[in-house]
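I opened a notebook for this structure. Below are my entries, in the order in which I made them.

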Protein chains: 2
Amino acid sequence: MSGADNQALIARLAAIVGGSYVLTSDNDCAPHVQDWRGRYHGKAACVVRPGNTDEVSAVVRACYAAGVAMVPQGGNTGLVGGGVPGQGGQEVVVSLSRLNRIRSIDAHNNTLIAEAGCTLVAVQAAAAESQRLFPLSLASEGSCQIGGNLATNAGGVHVLRYGNMRELTLGLEVVLPDGQVWDGLRGLRKDNTGYDLKQLFIGAEGTLGIITAAVLKLFPQPLSRTVAWLSIPGPATAIELLAHLRNACGERLSAFELIAGSALELVLRHIPGARSPLTRCGDWALLVELSDSASNADLAGLLGSALASELEAGRVLDAVVSSSEAQVRELWALRENISEAQKREGISIKHDVSVPVGAVPAFIEQADMALRKFFPGLRIVCFGHAGDGNLHYNLSQPDAADNPAFIAQTREVNRIVYDIVMSLGGSISAEHGIGILKREELKHYKSFVEIELMQQIKRAMDPENLMNPGKLL
Amino acid sequence: MSGADNQALIARLAAIVGGSYVLTSDNDCAPHVQDWRGRYHGKAACVVRPGNTDEVSAVVRACYAAGVAMVPQGGNTGLVGGGVPGQGGQEVVVSLSRLNRIRSIDAHNNTLIAEAGCTLVAVQAAAAESQRLFPLSLASEGSCQIGGNLATNAGGVHVLRYGNMRELTLGLEVVLPDGQVWDGLRGLRKDNTGYDLKQLFIGAEGTLGIITAAVLKLFPQPLSRTVAWLSIPGPATAIELLAHLRNACGERLSAFELIAGSALELVLRHIPGARSPLTRCGDWALLVELSDSASNADLAGLLGSALASELEAGRVLDAVVSSSEAQVRELWALRENISEAQKREGISIKHDVSVPVGAVPAFIEQADMALRKFFPGLRIVCFGHAGDGNLHYNLSQPDAADNPAFIAQTREVNRIVYDIVMSLGGSISAEHGIGILKREELKHYKSFVEIELMQQIKRAMDPENLMNPGKLL
């Protein structure tokens with residue numbers, strides 16, 4: 001596109017949204033053309049900030065008419081570069097942050113309608129005001145936006161009980177690549193009237209259209225909560241304990257997080273005020289949470305009696321069960337600060353993988369063995385949502401000075417890790433998506449049939465390839 | 001297709017599956033070319049019964065090469081004619097009933113892999129053998145098959161707690177319209193690697209491919225169960241009670257069924273041994289079930305105390321809480337026999353609709369009023385999964401002799417009912433699907449944008465329109 005065409009499009013967009021909502025200077029665009037980790041740096045023709053669905057539709061129509069590609073963007077907290085424009089400087093970043101209204105709450109239906117630009121924390125707060133729970137919970141919840149949560153099918157710590165973003169969504173409103181609006185904002189628990197179109201847009205990373213609003217599921221608020229920190233012999237025991245606690249506690253089991261001793265160690269070293277929950281921490285720990293909508297549920301009693309047999313049998317080496325909400329928060333902080341502590345320690349090669357839950361121990365054993373063979377002395381920081389079979393598996397050299405040489409071997413490291421994941425029937429991206437980061441890996445690991453099916457859908461729905469090109473596929 | 005081409009295809013199919021598994025005589029084909037309610041009668045070139053996925057793939061390749069359309073068929077228990085061939089006599093019915101193995105169970109992962117031809121009851125039994133629950137539960141569970149449950153996204157009485165078939169599925173194996181096999185049999189709780197293709201095939205009624213196997217979710221077995229029958233003033237109270245019981249009992253609430261007095265009356269009249277659960281039954285009742293994975297949960301106590309305030313406030317007029325598993329079954333039988341009792345009473349115009357849960361009372365009030373204006377004295381039998389906003393809303397004349405004239409007005413009746421459903425943001429097919437029965441209604445009620453999106457997907461994935469043509473779209 002020529003500079004004149006470019007200026008004409010920017011003028012059209014300004015006429016739609018108002019001049020102050022079209023950003024063109026390098027300074028104004030800067031936060032929108034790179035990811036927050038600073039790994040991806042793109043260029044954009046402009047950043048446009050429509051204020052409602054009609055404006056999004058008009059913006060998309062204008063870009064479509066001009067043949068200009070669009071990059072939908074939410075809170076820009078993604079980890080795979082999915083919301084960052086390419087290098088060409090021709091793409092228009094469509095920021096959804098001004099679509100930030102909670103349109104309605106239906107307490108009887110246990111649903112709310114949120115616009116794409118609502119932060120996750122704003123949705124949680126709106127639910128809480130109606131004595132309901134919106135259960136999605138992520139480290140970035142203060143700044144990530146619902147549209148991005150939908151586009152990446154976000155996960156987090158409570159998937160075990162409540163499901164991913166996909167399972168939390170009943171309906172969508174989407175602006176299609178040609179600017180038409182699909183109104184699929186139905187708040188129905190049962191609707192069998194044809195293809196479930198919303199499923200295509202959830203997890204599509206903005207490559208099929210721009211989500212502008214969603215009907216989200218709400219749940220009863222948990223009024224009782226108990227957390228335990230368990231020292232365990234190893235990952236195999238974790239999986240046995242998961243089955244045991246599921247049977248003993250049913251749906252009350254709302255988090256089941258595995259934490260390697262190496263991860264806890266980093267938190268204790270780098271996070272002020274963090275203290276070890278047990279006198280002897282050992283190589284592996286679990287953080288287990290029970291919650292109940294009854295305010296007087298004796299969860300500590302239930303958990304205590306479920307753990308008694310396990311302590312006796314040696315499947316649990318030591319345990320602390322929270323006795324106050326303050327202690328609940330303190331134990332959770334140990335888990336939540338792992339990423340921050342790792343960051344302070346230096347760079348690492350990160351993986352976000354999943355396997356069938358029963359294969360978690362095999363993955364850890366096989367990956368550790370294969371990696372230590374090629375990289376003796378490697379520091380492996382492994383933690384995550386073991387109850388979902390989802391691990392964050394991060395690798396670095398113990399001496400930060402050795403890290404650049406190690407990072408240079410990312411390709412080889414990934415091949416080792418992902419080959420093992422795939423041999424166990426797993427996924428190379430459990431909850432972060434593909435974006436730019438894993439696009440080549442996706443082609444490597446998906447079957448031809450599956451890639452071709454995805455391409456068929458992409459071509460059918462976005463024949464001009466204007467929606468977030470260069471991402472995912 | 002000429003008779004000779006036809007014979008050539010039949011010979012090719014026989015070479016693939018064996019001659020005894022290609023049915024061609026009218027007698028052999030009869031059970032496969034009409035639906036069990038006897039509403040739809042089609043004709044088929046033949047019925048082919050492949051024995052495994054490779055044979056399904058070869059059968060589809062042969063049909064694809066010959067340009068012959070296919071009708072995938074499971075237990076043929078559908079209610080909308082989705083599994084019945086058209087009138088032309090050219091289509092091949094592909095019966096999946098020989099693909100009836102449970103391929104594997106993974107108790108740690110809480111999953112099993114079932115082939116499409118497994119009956120629902122066989123899947124339930126396999127789960128129970130591993131001390132797990134597969135929660136889908138339907139009237140036809142003894143004969144319906146998993147492939148059909150998937151193709152129609154089946155619902156039933158426990159959707160409130162466990163979700164529809166869609167939510168119970170982690171992975172699929174599908175034979176595509178050209179015979180290629182897509183292996184999406186992943187048993188992962190988290191997998192964000194591109195478009196979630198399985199979602200397209202679930203609920204597509206066989207129009208995009210033939211599902212041959214699925215990875216299904218299992219749950220802890222409920223070891224405690226309590227059921228209550230409540231007499232209530234009306235539907236509005238039901239919705240208030242739903243919110244109250246959700247807060248008081250959380251996920252233990254596993255069924256919430258609304259039953260009009262007219263429905264109970266039919267059961268008491270036609271079903272031998274059925275007896276009224278309460279001395280004074282009134283116009284409306286609820287059947288409420290609580291279940292818990294703990295064997296010693298005091299559910300009767302929990303439910304009793306949750307109901308005390310409601311009895312006092314007059315939101316519950318009378319109540320019986322089960323005191324034994326025999327009584328649980330007896331109360332459930334009253335609900336489950338409504339369809340059978342209705343059948344004995346004579347034909348009726350049936351609807352399977354849903355609205356947002358809070359709109360259930362408005363739907364019942366508005367539909368009753370509108371219908372009684374045009375059809376004075378009409379018998380309205382309304383019951384269903386009120387906890388999901390899903391009602392079965394069936395209409396007949398009190399004197400069976402008047403029914404034929406009434407049935408002749410089905411179009412007008414449907415218009416009244418569906419217009420109200422749509423005005424409340426509801427669905428004209430909550431759990432039965434579209435098939436042949438509601439194909440024209442779908443075009444009437446879906447937006448142009450939505451129909452066009454569905455057509456785009458259909459054209460992209462089945463460009464020759466060989467998969468169950470004439471159904472759904």
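Through which surface do the copies meet? I found that 100% of the interface residues of chain B are also interface residues in chain A, so the copies meet through the same surface. Contact here means heavy atoms within 4.5 Å.

**Ground rules.** I noted that this is a predicted model, where local features need pLDDT of at least 70, side-chain atom pairs count only at pLDDT 80 or more, and totals for chains, interfaces and linings use all residues. Residues are numbered from 1 along each chain as its sequence is written, chains are lettered from A and ligands numbered from 1 in the order in which they are written, and side-chain values use heavy atoms, with hydrogens and water left out.

**The two chains.** A rotation of 180° superposes chain B on chain A, with 0.0 Å of shift along the axis and an RMSD of 0.0 Å. The two copies are thus related as by a two-fold rotation axis.

**The interface.** I then turned to the contact itself. Chain B puts 82 residues into the contact, and chain A puts in 82 residues. About 6600 Å² is buried between chain B and chain A, and carbon and sulfur atoms give 54% of this area. Buried area is the accessible area (1.4 Å probe) that two parts lose on being put together, summed over both. B:Lys190, B:Asn192 and B:Tyr195 supply 16% of the area that chain B buries against chain A, more than any other three residues.

**A record entry.** I checked UniProt. Its unreviewed entry lists residues 40–221 of chain A as "domain: FAD-binding PCMH-type". Such positions are given in the numbering used here, feature names are shortened, and annotations may be inferred rather than shown by experiment. In the model, that span is 21% helix and 24% strand, and its end C-alpha atoms lie 39 Å apart. Helices (H or I, at least four residues) and strands (E, at least two) are DSSP runs, numbered from the N terminus.

**A:Glu257.** I found A:Glu257 in strand β13 (residues 253–260) of chain A. Is A:Glu257 buried or exposed? A:Glu257 counts as buried, at 1% relative accessibility. Buried means under 20% relative accessible area, exposed over 50%, partly exposed in between (1.4 Å probe, protein chains only). The side chain of A:Glu257 makes a polar contact of 2.6 Å with that of A:Arg335. A polar contact is a pair of N or O atoms within 3.5 Å; within protein, one must be able to donate a hydrogen and the other to accept it, and residues adjacent in sequence count only if both atoms are side-chain atoms. Leaving aside neighbours within four places in sequence, A:Glu257 is in contact with residues including A:Val157, A:Trp332 and A:His385.

**A:Tyr21.** This residue sits in the loop between α1 (3–17) and β1 (22–23) of chain A. A:Tyr21 counts as partly exposed, at 28% relative accessibility. Beyond four places in sequence, A:Tyr21 is in contact with A:Val47, A:Val48, A:Arg49 and A:Arg98.

**Positive phi.** Last, I looked at two asparagines. B:Asn110 has a positive phi of about 55° although it is not a glycine. B:Asn110 lies in the loop between β5 (102–106) and β6 (111–115) of chain B, and counts as buried at 5% relative accessibility. A:Asn465 also has a positive phi of about 55°. A:Asn465 is in the segment after α17 (448–461) of chain A, and is partly exposed, with a relative accessible area of 39%.

How values were computed: Least-squares fit on C-alpha atoms with pLDDT ≥ 70 in both.
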